Amino acid sequence: MPNLFAHIVFYGWPLVVFVLFRQLPTAAAIGWSILAGYLLLPNVVELDLPGVPSVNKYGLPVLCALLMILFGVGTASTTPRDNGRRHWWLTIVLLVLMLTSPILTVATNTEPVPAGPDFRPGLVPYDAASLIATLAIMVLPFLLAQRYFASPESHDLLLRILVFGVLVYSLPILFEVRMSPQLNIMFYGFFPHAFDQHVRAGGYRPLVFLEHGLWLAILVAMAA
């Protein structure tokens, strides 16, 4: 179970995003908000409000970034306003297809399914709404990128953010390679996966604050 510090970090993240937007240009603030949230926030803490899908470490940073943009926090973006608009119609078509697919899924899966001695209930309209909200949060970083990372200069900025962020992250990575994956337990009070999967070749496979060591390996490969 996550400890009190894990909840403080998670629910205090909007303040971190606010400071980033106050101190950095919009594009840089978006990049750092999402990457730092992915690297640092605890995995199992969620904002679970009634009637809407729960918000975890993957959704919280991007939702906070969107709110900062909507409320005009921070400096204006230097990206030209017409960047990425030449293919706006394709974006809309793909969004419509993605957001309507849960409706078709629910409409064709309304009957219960036998599962051993029990039955899995059929899908209901609430499931469609929940799936649509989840997909909307998932696609939101792409929409922000289309607006704020649509120029060669912004691509360079995004790559620099990724490389520098993982370079700093290499310090706790090296710690866990030698000392075993302990940082998540030390700071947040829980281990996010099976520990035996992170014992490798007389040493350890680090994960720091991510869900699994494989996730961390993919991130490091991207930065490299």
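Helix H9 (residues 213-223) has four residues tucked away as buried: Gly213, Leu216, Leu219 and Ala223. They sit on the same side of H9, because they cover an arc of only 120° around the axis. This is a predicted model, so local features need pLDDT of at least 70 and side-chain atom pairs count only at pLDDT 80 or more, while totals for chains, interfaces and linings use all residues. Residues are numbered from 1 along each chain as its sequence is written, and side-chain values use heavy atoms, with hydrogens and water left out.

**How the terms are used**

- Buried means under 20% relative accessible area, exposed means over 50%, and partly exposed is in between (1.4 Å probe, protein chains only).
- Helices (H or I, at least four residues) and strands (E, at least two) are DSSP runs, numbered from the N terminus.
- An arc is that of the directions from the helix axis to the C-beta atoms.

**The overall picture**

- Reading from the N terminus, the elements go α-α-α-α-α-β-β-α-α-α-β-β-α.
- The C-alpha trace spans about 60 × 50 × 30 Å along its principal axes.
- Of the 224 residues, 35% are buried.
- Take the contacts (heavy atoms within 4.5 Å) between residues at least 6 apart in sequence: 66% of them join residues at least 24 apart.
- The accessible surface (Shrake-Rupley method, 1.4 Å probe; for residues, only the protein chains shown count as cover) comes to about 13500 Å², and 71% of that belongs to carbon and sulfur atoms.

- In helix H1 (residues 4-11), the buried residues are Ala6, Val9 and Phe10.
- Looking down the axis of H1, these buried residues fall within an arc of 100°, so they line one face of the helix.
- Their packing partners are helix H2 (13-23), helix H4 (60-70) and helix H8 (183-188).
- Leu4 and Ile8 are exposed on the face of H1 turned away from its buried side.
- Asn3 caps the N-terminal end of H1, with a side-chain oxygen 3.2 Å from the backbone nitrogen of Phe5.

**The salt bridge**

- Side chains of opposite charge can pair when their charged atoms come close.
- Searching the whole structure turns up 1 salt bridge (a side-chain nitrogen of Lys or Arg within 4 Å of a carboxyl oxygen of Asp or Glu).
- The partners are Arg160 and Asp156, whose closest N and O atoms are 2.7 Å apart.
- Both belong to helix H7 (residues 152-179), and because they are 4 residues apart there, about one helical turn separates them.
- Arg160 is exposed at 56% relative accessible area, while Asp156 is partly exposed at 38%.

**A nonpolar patch on the surface**

- Trp88, Trp89, Leu90, Ile92, Val93, Leu94, Val96 and Leu97 make up a nonpolar surface patch with about 800 Å² of accessible area together.
- Patches are made of residues with over 30% relative accessible area and no salt bridge; like charges are joined within 9 Å, and nonpolar side chains (Val, Leu, Ile, Met, Phe, Trp, Tyr) within 5 Å.
- Trp89, one of the patch residues, is in helix H5 (residues 88-107) and counts as partly exposed at 48% relative accessibility.

**Asn43 and its surroundings**

- Asn43 is in the loop between helix H3 (26-40) and H4, and at 12% relative accessibility it counts as buried.
- Its side chain makes a polar contact of 3.5 Å with the side chain of Tyr58.
- A polar contact is a pair of N or O atoms within 3.5 Å; within protein, one must be able to donate a hydrogen and the other to accept it, and residues adjacent in sequence count only if both atoms are side-chain atoms.
- The Asn43 side chain also reaches the backbone oxygen of Leu210 at 3.2 Å.
- Beyond neighbours within four places in sequence, Asn43 has contacts that include Lys57, Asn184, Phe190, Pro192, Phe209 and Glu211.

- Most residues other than glycine have a negative phi.
- Ser180 is not a glycine, yet has a positive phi of about 85°; this residue lies in the loop between H7 and H8 and is buried at 6% relative accessibility.
- Val208, also not a glycine, has a positive phi of about 55°; Val208 is in the loop between strand S4 (203-204) and H9 and is buried, with a relative accessible area of 0%.
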